[in-house]
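Keep the viewer open and follow along.

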There are 2 protein chains.
Amino acid sequence: MEQQIPYKIYLDETELPNAWYNLRADMPVKPAPLLNPGTLQPLTAQELDGIFCEALVAQELNETDAYIPIPAEIRDFYKMYRPSPLVRAYCLEKQLGTPAKIYYKFEGNNTSGSHKLNSAIAQAYYAKEQGLKGVTTETGAGQWGTALSMACSYFGLDCKVFMVKVSYEQKPFRREVMRTYGASVVPSPSDTTEVGRKILAEHPGTGGSLGCAISEAVEVATVNPGYRYVLGSVLNQVLLHQSVIGLETKAALDKYGVKPDMIIGCAGGGSNLGGLIAPFMGEKLRGEADYRIIAVEPASCPSFTRGRFAYDFCDTGMICPLAKMYTLGSGFIPSPNHAGGLRFHGMSTTLSQLYHDGYMEAVSVEQTKVFEAAEQFARVEGILPAPESAHAIRVAIDEAVKCKETGEAKTIVFGLTGTGYFDMVAYQKFHEGAMSDYIPTDEELQASFDRLPRVN
Amino acid sequence: MEQQIPYKIYLDETELPNAWYNLRADMPVKPAPLLNPGTLQPLTAQELDGIFCEALVAQELNETDAYIPIPAEIRDFYKMYRPSPLVRAYCLEKQLGTPAKIYYKFEGNNTSGSHKLNSAIAQAYYAKEQGLKGVTTETGAGQWGTALSMACSYFGLDCKVFMVKVSYEQKPFRREVMRTYGASVVPSPSDTTEVGRKILAEHPGTGGSLGCAISEAVEVATVNPGYRYVLGSVLNQVLLHQSVIGLETKAALDKYGVKPDMIIGCAGGGSNLGGLIAPFMGEKLRGEADYRIIAVEPASCPSFTRGRFAYDFCDTGMICPLAKMYTLGSGFIPSPNHAGGLRFHGMSTTLSQLYHDGYMEAVSVEQTKVFEAAEQFARVEGILPAPESAHAIRVAIDEAVKCKETGEAKTIVFGLTGTGYFDMVAYQKFHEGAMSDYIPTDEELQASFDRLPRVN
């Protein structure tokens with residue numbers, strides 16, 4: 001008989017993972033290495049040290065250690081908001097009339113409003129440990145920038161954030177949160193960097209993109225002594241830190257003897273998805289268990305479902321390393337209609353390799369359908385989701401409805417990455433019927449693919 | 001030896017209180033009854049039934065039962081976001097270098113962003129149980145309106161919210177959250193009610209006040225069949241529902257054998273303070289324990305510290321019952337400089353009586369000092385507090401600093417009522433040095449007292 005499962009499964013703070021799980025150690029085919037954009041040769045640790053902190057470079061390149069201990073200082077910070085709850089969506093199940101059992105791992109119960117804090121605090125810790133003055137970064141929807149501001153404030157580091165201009169304008173209050181944590185925030189592209197001025201000259205009036213903002217942040221980090229660049233997604237090190245999400249999820253499910261049938265996560269650069277699925281994918285790779293693993297991405301920025309698996313620049317300015325990933329081309333900028341995050345043109349190399357090798361599925365969803373799911377979820381589960389998170393909700397609901405049709409009592413786990421308190425402009429558009437969907441045409445994508453670097 | 005106390009003490013969902021605690025049952029002097037504004041006689045249950053749901057009227061008038069069971073449907077809803085954490089502020093203690101032990105009960109981990117949901121869901125439940133179509137209410141900072149929207153959405157009730165105009169304008173996104181939950185939101189004073197039109201005629205261009213908004217909401221509830229009025233603070237029933245905060249706090253402290261020296265809460269109408277202190281005050285009233293209990297209010301709306309203990313109208317339009325309370329006069333409107341909530345001219349009759357009888361202290365604080373405390377707290381504890389909550393933080397920090405001076409390791413518990421994500425306009429003003437303090441002059445208050453009803 002099934003044990004009575006509470007609404008929220010909270011692990012004790014002593015049950016916080018002691019080590020992150022490094023999925024790459026269990027991958028039969030490792031993700032392709034980052035390439036130096038000049039030489040097109042795999043980047044060495046020494047070359048990467050100019051951009052990232054040393055300890056993070058080691059994590060970035062580590063493909064052998066399955067577990068990497070979490071330093072005590074980071075675990076102490078985690079204790080302020082972790083373990084995060086795994087919630088049984090009883091009310092949503094009831095409303096859908098589905099036999100499916102739905103769980104979500106809720107990462108929004110911290111001021112950054114998302115899971116991004118898990119990696120921000122780790123990256124800030126290593127920067128501090130190395131004796132740096134500060135870090136630079138980019139932010140799209142603003143969650144990563146907020147998380148990093150909080151982390152830098154905690155460790156007394158300077159924090160410079162380049163925020164995608166369209167988000168900066170759509171989310172005026174995000175800037176104030178970052179300022180509360182002492183960060184400086186610049187809308188990108190800006191005239192404060194060489195690459196920013198170049199992009200502005202070529203695309204006057206552009207709303208910017210993550211790719212542009214990355215170029216600017218990297219330039220500032222490499223030009224200013226005592227600074228390094230940090231990134232909130234895509235990188236191996238980020239997926240490593242985010243594995244805390246999946247490890248907690250698995251521990252909470254194991255506590256009640258629950259085995260999920262499918263795990264669903266939204267995918268932009270892959271930080272949440274990669275973290276959520278890590279231990280489950282590990283079991284799958286080791287042949288110990290099988291799960292459906294589903295990445296959900298916006299139809300307006302469909303790197304998995306319509307991108308090329310190819311080497312590409314991680315940034316628009318083409319000053320960053322090349323990564324082999326599913327990409328829409330580094331010049332791709334999502335339509336201004338697109339609200340919220342999940343706007344990166346590429347995807348984590350780790351997830352790209354796993355997808356390429358058939359270990360996971362991907363679907364794309366249109367944003368009006370996403371906001372419908374967001375509102376439905378908010379009304380019954382009492383949490384106002386971030387638009388990013390609502391991509392996963394959309395597919396979780398769709399799968400639960402399928403279960404209703406087939407009568408199957410499947411167990412669905414999805415990642416609820418964060419809250420939507422700073423996305424009310426988008427919600428307002430949705431309420432007023434002013435939200436539209438935009439799907440890039442094949443021609444547009446082809447034009448972007450034509451500009452992929454010649455290394456492929 | 002002291003047991004190791006975790007960063008966050010989470011009770012299990014089975015430890016959720018089964019009953020609310022009705023503080024009045026233990027009061028030697030009961031709060032004075034509400035009076036009919038026409039007859040100046042104590043209001044009967046029958047008279048109150050026209051305004052409030054029947055079950056809530058019974059709770060409002062109940063001075064004998066110390067415990068009132070929480071219906072299962074309400075407990076189920078509570079389980080979506082309760083028990084809320086009691087957090088040990090280790091990082092704040094360390095930063096202050098204080099021997100004091102600081103705890104805060106955090107009520108912000110739900111989409112309404114505050115403790116208001118505890119009473120909203122109870123009031124919506126009883127309205128539904130009575131077969132009503134919907135409810136009307138007012139909201140100041142917007143937390144109560146959001147909470148009620150969520151609760152009404154859950155039970156399928158119509159929800160009409162009159163929002164103080166100045167807050168409506170300062171917090172455009174609050175409206176969108178309420179709309180997400182299906183509520184209709186009207187800035188108050190409005191031309192949709194008779195009393196609203198009257199107030200507009202007398203005070204053209206007014207930014208409104210809670211008192212105005214209450215008048216409008218009550219009018220709509222009494223004019224439309226199938227509707228009742230609900231209120232998020234001040235009332236006995238609200239304090240009753242909010243006792244869940246204090247009961248959980250006490251249970252969490254008892255678990256670790258911790259006995260607080262002082263309990264600090266912000267006070268507007270008294271909903272959070274009354275709930276937080278309830279079981280502690282009960283012990284004090286029964287002579288079983290002693291605690292310092294401190295109410296913190298804005299210097300710009302100082303009902304405890306500078307108000308009169310007198311019968312007064314609860315609303316500006318003078319259509320509501322009279323309550324004997326600490327009041328600044330029902331015509332008092334806080335300076336437009338005042339950010340956030342805690343802007344009600346009066347105070348819970350229960351808390352007023354307790355304060356009058358010497359069972360608690362009160363202090364007032366100026367808002368720039370409040371925002372300094374808010375930012376300091378955010379940076380070390382990782383939670384961006386609501387301005388309301390930051391009043392309690394201010395005094396908790398002040399008391400912890402006193403401990404540093406005297407070397408006393410006192411245990412301080414304060415209520416962190418909610419998050420400040422919708423208060424970024426105020427934070428921005430603070431960051432830009434554009435925030436000012438305003439303390440009403442004695443003459444202004446005297447003019448307001450001169451208009452108190454003649455029943456006193």
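This is a predicted model: local features need pLDDT of at least 70, side-chain atom pairs count only at pLDDT 80 or more; totals for chains, interfaces and linings use all residues.

Residues are numbered from 1 along each chain as its sequence is written, chains are lettered from A and ligands numbered from 1 in the order in which they are written, and side-chain values use heavy atoms, with hydrogens and water left out.

Start with the symmetry. Two copies of a chain are related by a rotation about an axis and a shift along it. Here a rotation of 180° with 0.0 Å of shift superposes chain A on chain B, at an RMSD of 0.0 Å.

Next, the interface. Chain A contributes 42 residues to the contact, and chain B contributes 42 residues; contact means heavy atoms within 4.5 Å. Of the interface residues of chain A, 100% are also interface residues in chain B, so the copies meet through the same surface. About 4,000 Å² is buried between the chains, 57% of it on carbon and sulfur atoms. That area is the accessible area (1.4 Å probe) that two parts lose on being put together, summed over both.

Now the polar side of the interface. Between chain A and chain B, 23 residue pairs are in polar contact, both residues being at pLDDT 80 or more. A polar contact is a pair of N or O atoms within 3.5 Å; within protein, one must be able to donate a hydrogen and the other to accept it, and residues adjacent in sequence count only if both atoms are side-chain atoms. The rule also finds two salt bridges across the interface, each a side-chain nitrogen of Lys or Arg within 4 Å of a carboxyl oxygen of Asp or Glu. Arg179(B) and Glu432(A) meet in a salt bridge at 3.5 Å, N to O. On the side of chain A that touches chain B, α6, α8, α15 and α17 each supply at least two residues. The most come from α8(A), with six residues. Helices (H or I, at least four residues) and strands (E, at least two) are DSSP runs, numbered from the N terminus.

Look at α17 of chain A, residues 424–431. Met424(A), Ala426(A), Tyr427(A) and Phe430(A) are buried there, with buried meaning under 20% relative accessible area, exposed over 50%, and partly exposed in between (1.4 Å probe, protein chains only). They span an arc of only 155° around the axis, which puts them on the same side of α17(A). The arc is taken over directions from the helix axis to the C-beta atoms. These buried residues pack against α15 of chain A together with α8 of chain B. Just after α17(A), Gly433(A) has a positive phi of about 70°.

Pro83(A) sits between α3 and β4 of chain A and is buried, at 3% relative accessible area. Beyond four places in sequence, its contacts include Tyr10(A), Glu248(A) and Lys8(B). Ser112(B) lies in the loop between β5 and α5 of chain B and is buried at 0% relative accessibility. Its side chain makes a polar contact with the side chain of Asn110(B) at 2.6 Å.

Notes: Copies are superposed by least squares on the C-alpha atoms of residues with pLDDT of at least 70 in both.
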